[in-house]
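Biologist: Hi, I'm new to this one. Could you walk me through it?

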Amino acid sequence: MRRIWLGVLMAGFAASAGALPPGSMAPEFKGVDSNGVEHSLSEYRGKFVVLEWANQGCPYEQKHYLSGNMESLQKQWTGKGVVWLSVISSAPGQQGYGSPAEENDYLKTMKASPTAALLDPKGAIGHLYDARTTPHMFVIDPAGKIVYQGAIDDKPSPDQVTLKGADNYLNDALSAALAGKPVAVAMTKPYGCSVKY
């Protein structure tokens, strides 16, 4: 009976946190970045991939960028061979939407270093992954399976002061996965601004 209730609880949590639970295969996608280059998930098979849903106008996203936290994570993990794809699924006229040039200017101003920033104005990639918030983080292993999805950390606040002492779920997941260890916390509820489809 306990196992049945646990299964029901996990199913309910999966529905609230996103439809792609850890262990499932990450859906294939193609997207064009802010430099006009096409990327597909399959071209990165054999590498760890981070997907970060982004919106430069979102206060929760600004918490991580204006503090330098997101840029530091990008630099740290891409330096270890991880592919980091920022995905902007904001529709035209919505918060976070911008031209390729505007996105490149923002990345330069923030000194951000994702592998690429994918522009997804029709929300195709976002809906494929059921991305809910900015940020909403996914970690995909070299075999193409999701090993983490959810919040970036355990402090659902737009205030930079909450970064101190926060448990960074993304950092924990990548550290464990790259060391060949199971990810202790593989799914959490994402927080932030809603994705502006």
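Modeller: Two strands pair if DSSP finds at least two bridges between them. Helices (H or I, at least four residues) and strands (E, at least two) are DSSP runs, numbered from the N terminus. This is a predicted model, where local features need pLDDT of at least 70, side-chain atom pairs count only at pLDDT 80 or more, and totals for chains, interfaces and linings use all residues. Residues are numbered from 1 along each chain as its sequence is written, and side-chain values use heavy atoms, with hydrogens and water left out.

Biologist: OK. What order do the strands of the open sheet have?

Modeller: The order is 2-1-5-4-3-7-8, in an open sheet of 7 strands with mixed pairing. Strand 2 (38-40) and strand 8 (146-150) stand at the edges with a single partner strand each, so one side of each has no neighbour in the sheet.

Biologist: And how does the twist average out from one strand to the next?

Modeller: The twist averages 30°. That angle comes from axes, which are lines fitted to C-alpha atoms (for helices over the stretch in contact), and angles run from 0 to 180 degrees between N-to-C directions.

Biologist: Which strands does strand 3 pair with, and in what sense?

Modeller: Strand 3 pairs with strand 4 in the parallel sense over 5 bridges, and with strand 7 in the antiparallel sense over 4 bridges.

Biologist: Is strand 3 covered or left open?

Modeller: Mostly covered, since 5 of its 5 residues are buried. Buried means under 20% relative accessible area, exposed over 50%, and partly exposed in between (1.4 Å probe, protein chains only). Val49, Leu51 and Trp53 are on one side of strand 3 and Val50 and Glu52 on the other, and all are buried.

Biologist: What about strand 7 and strand 8, how do they pair?

Modeller: In the antiparallel sense, over 4 bridges. Met137 stands opposite Gly150 in strand 8.

Biologist: Switching topic: how many disulfides?

Modeller: The count is 1 disulfide, taking a disulfide as a pair of cysteine sulfur atoms within 2.5 Å. Cys58 is joined to Cys193, at 2.2 Å from S to S.

Biologist: Where do those two cysteines lie?

Modeller: Cys58 is in the loop between strand 3 (49-53) and helix 2 (59-66), and Cys193 is in strand 9 (residues 193-194), so the pair ties together parts that are 135 residues apart in sequence.

Biologist: Are they buried or exposed?

Modeller: Cys58 counts as buried at 0% relative accessibility, and Cys193 counts as buried at 11%. The torsion about their S-S bond is about 95°, so the disulfide is right-handed.

Biologist: What about holes inside? How many cavities are there?

Modeller: There are 2 cavities of 30 Å³ or more. On a 1 Å grid over the protein atoms alone, a cavity is a set of points where a 1.4 Å probe fits but cannot get out, and lining residues have an atom within 4 Å of a point. Grid points are joined across faces, edges and corners, and a volume is the space filled by probe spheres set on the points.

Biologist: How much space lies in the largest cavity, and what lines it?

Modeller: About 70 Å³. Its lining includes Glu61, Tyr65, Ser86, Ile88, Glu103 and Tyr106. Helix 2, strand 4 (83-88) and helix 4 (100-110) each give two or more residues to that lining, with helix 4 giving the most, at 3 residues.

Biologist: And the second largest cavity?

Modeller: Its volume is about 40 Å³, and among its lining residues are Leu41, Tyr44, Arg45 and Asp141.

Biologist: Last topic, the backbone. Which peptide bond is cis?

Modeller: The one from Thr134 to Pro135, with omega near 0°. Pro135 is in the loop between strand 6 (133-134) and strand 7.

Biologist: Which residues other than glycine have a positive phi?

Modeller: Lys111 has a phi of about 55°, and Asp130 has one near 55°. Lys111 is in the loop between helix 4 and strand 5 (116-119) and counts as exposed at 70% relative accessibility. Asp130 is in the loop between helix 5 (124-129) and strand 6, and counts as partly exposed at 23%.

Terms used
On a 1 Å grid over the protein atoms alone, a cavity is a set of points where a 1.4 Å probe fits but cannot get out, and a pocket is an open set with protein on both sides within 12 Å along at least five of seven lines; lining residues have an atom within 4 Å of a point.
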